[in-house]
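Let's take a walk through a protein model together. Keep the picture open beside the text and look up each part as we come to it.

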Amino acid sequence: MCYVIVGSNSTLKYLANSIEILSQLRNLVSVTIAQTFNYTDVRADFPILASQVRGKPLTYLDNAATSQKPQVVIDAIERYYSAENSNIHRGVHYLSEKATDAYETARTKVAKFISVEDPDEIIFTRGTTESINLIAHGFIETQLKAGDEILISHMEHHANIVPWQIAAQKTGAVLKVVPVDDRGVLEMSAFDQMLSKRTKLVAITHISNALGTINPVKELVDKAHALDVPVLIDAAQATPHMSIDVAALGCDFFVFSGHKIFGPTGIGILWGKREWLERFPPYQSGGDMIEKVDFEGTTYKGIPGKFEAGTPHIEGVIGLAAAIDYLQGIDRPAALEHETALLNVATEKLSAIDGLRIIGTSPEKASVISFLINDIHPHDIGTFLDADGVAIRAGHHCAQPLLKRFGVSATARASFAFYNNFEDVDRLVSAVLKMQKFFG
Amino acid sequence: MNDELHDLYQDIILEHNKRPRHYGVLANFTHTAEGYNPLCGDKITVYLKLDSGVISAIQFEAACCAICKASASIMCDLLMGQTLDNGTAVYSRVNELLTAEQAPPVDLAEDGEIAALSGVRKFPARIKCATLPWHTYRSALS
């Protein structure tokens, strides 16, 4: 393993609540906690990374699409099904109590993971997409009217565009789009101009999935709040790379996905301020979200139950909790430093290739590289790299308006996680060179 | 390069990709359709000119991968001057070559250049790239 823990598990969890506290405490109690990050050792925690594809060692560079899972997550899911499987919030029997406890403990863990105090403000969803849809539903039902404005950016994932388009269509509200410059950086002067008293919500991504641009989210939140405008942060691409203190960030909604932070697919997180969530009507209805059902009328549970109708994705929640435990066991600032080193080396080596163009050159950038080579279509790039065991994404990355802004319909995208190494960069570069030679 | 990849990107495919035939907007077209591959954002437009049931002209424009572009170029070569019935027969043969559960034997003499498309069978993610122009041709007619 990549970390050493001396002291009880609960002590560690408490300490890991906030990176700030952790870093302060690390100085004070370095004798009892020694977290290190070693990117070579960390690979052993992810069994799939040792596998071969098409007779070549796997070079997994599609982390922005989904991350690989550490053994502890796989084990937690197996343990749940082999020893603890039961439905939650229903049975009085032993297993149901255990499953309910694991489910609700996970909620508390997620709250601590993003540094918010009230676990009831954590809603489990199917993913970032459903989280945004739930918020959009709440806005359609309770907030928006004709002439209101919703402010998004040109670099949003379709998941943070389409729900707001539908909201605008249904209510007569207007969808406004903050442009990005040629580097893929948000144009702040345009944001300042477009933000107004008519704005009912700013919905913006923390990190662009297609370009890697890191947005100045704290600044955006502060500016919006100065006009009493709530802010939704799409953190699907940020949470895999960095610890985020949501309380300090001060946004109103914060959404992300389990499968991008080394947990299972099908589980997502919506955090929202209590006053907002209480204002919203249920998103789906049925079992487990009610207080009392009568044919004359039904009353609903308070949050979070009101938004979690039906039997939830218990396995997903348990796997997510294991992923969070895993992340809190590694030195995340050091992991991010390693990712940035990979980004810099890969950027340098790829840029040196004749005819290769990187789309997205923001000075503030996560380890995501979108690129094009000569006039070779990204789909062909993807197939060629795959033959060398290099997994990248080729296509529009669910960000068609953004790619259109750059005059392209698709790019090849290599995205790195902390378990990638410098050999992965070399294999990517040599596969690209080989392919370029082939297409001549 | 492995054999499968070589089968996918045969010389015929590369040649058509580099120098696509029948490329560009067709003036005086009688039928047209756009085709999209939502997976990768590929887009193709097929233009046809029909004269008494005969394809007297056919052209395409595309922002797409090598497989899709080559397939479209080969398609236009084959359909040019054909009756609609012959066109349907060629369409069915391509469909069979690319998507039949059991790979049918390919006859180079009979199938001509569409035989080159059959390498795509080993790349399930790429079959739609090869079929997109053909589906677009069909929808232009409907």
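**A guided walk through the model**

Chain A contains 16 helices and 19 strands, where helices (H or I, at least four residues) and strands (E, at least two) are DSSP runs, numbered from the N terminus. Its radius of gyration is 22 Å, close to the 22 Å that the globule rule gives for 440 residues, so chain A is as compact as a globular protein of that length. Here the radius is taken over C-alpha atoms, and the rule is 2.2 Å times the number of residues to the power 0.38. Along the principal axes, the C-alpha atoms of chain A fill a box of roughly 75 × 55 × 45 Å.

Before going on, please note that this is a predicted model, in which local features need pLDDT of at least 70 and side-chain atom pairs count only at pLDDT 80 or more, while totals for chains, interfaces and linings use all residues. Residues are numbered from 1 along each chain as its sequence is written, and chains are lettered from A and ligands numbered from 1 in the order in which they are written.

Now look at how chain A is divided: domain 1 covers 83-327 and domain 2 covers 333-439, with bounds that come from an automatic or database domain assignment. Their centres, taken over C-alpha atoms, are 29 Å apart. Domain 1 of chain A gives 21 residues to the contact and domain 2 of chain A gives 22 residues; two residues are in contact if their C-beta atoms, placed from the backbone, lie within 7 Å. On the side of domain 1 of chain A that touches domain 2 of chain A there are eleven nonpolar, nine polar and one charged residues. In this count Ala, Val, Leu, Ile, Met, Phe, Trp, Tyr, Cys and Pro are nonpolar, Asp, Glu, Lys and Arg are charged, and the others, Gly among them, are polar.

Next, find two helices of chain A that pack together. The axes of H4 (residues 71-84) and H12 (residues 314-328) of chain A come within 8 Å and cross at roughly 145°; axes are lines fitted to C-alpha atoms, for helices over the stretch in contact, and angles run from 0 to 180 degrees between N-to-C directions. Among the residues that meet here are A:Ala76 and A:Tyr80 in H4(A), and A:Ile318 and A:Ala322 in H12(A). The residues of this contact divide into ten nonpolar, one polar and one charged.

Most residues other than glycine have a negative phi, and most peptide bonds are trans. A:Asp228, which is not a glycine, has a positive phi of about 60°, and the peptide bond from A:Ile303 to A:Pro304 is cis, with omega near 5°. A:Pro304 is found in the loop between strand E14 (297-300) and H12 of chain A.

Let's move to chain B. It gives 14 residues to the contact with chain A, which gives twelve residues. Chain B also has an open sheet of three strands in the order E1-E2-E3, with antiparallel pairing; strands pair if DSSP finds at least two bridges between them. E1 and E3 (54-63) of chain B stand at the edges, each with a single partner strand, so one side of each is left without a neighbour in the sheet. Seven bridges join E1 (residues 31-37) and E2 (residues 42-51) of chain B, and nine bridges join E2(B) to E3(B).
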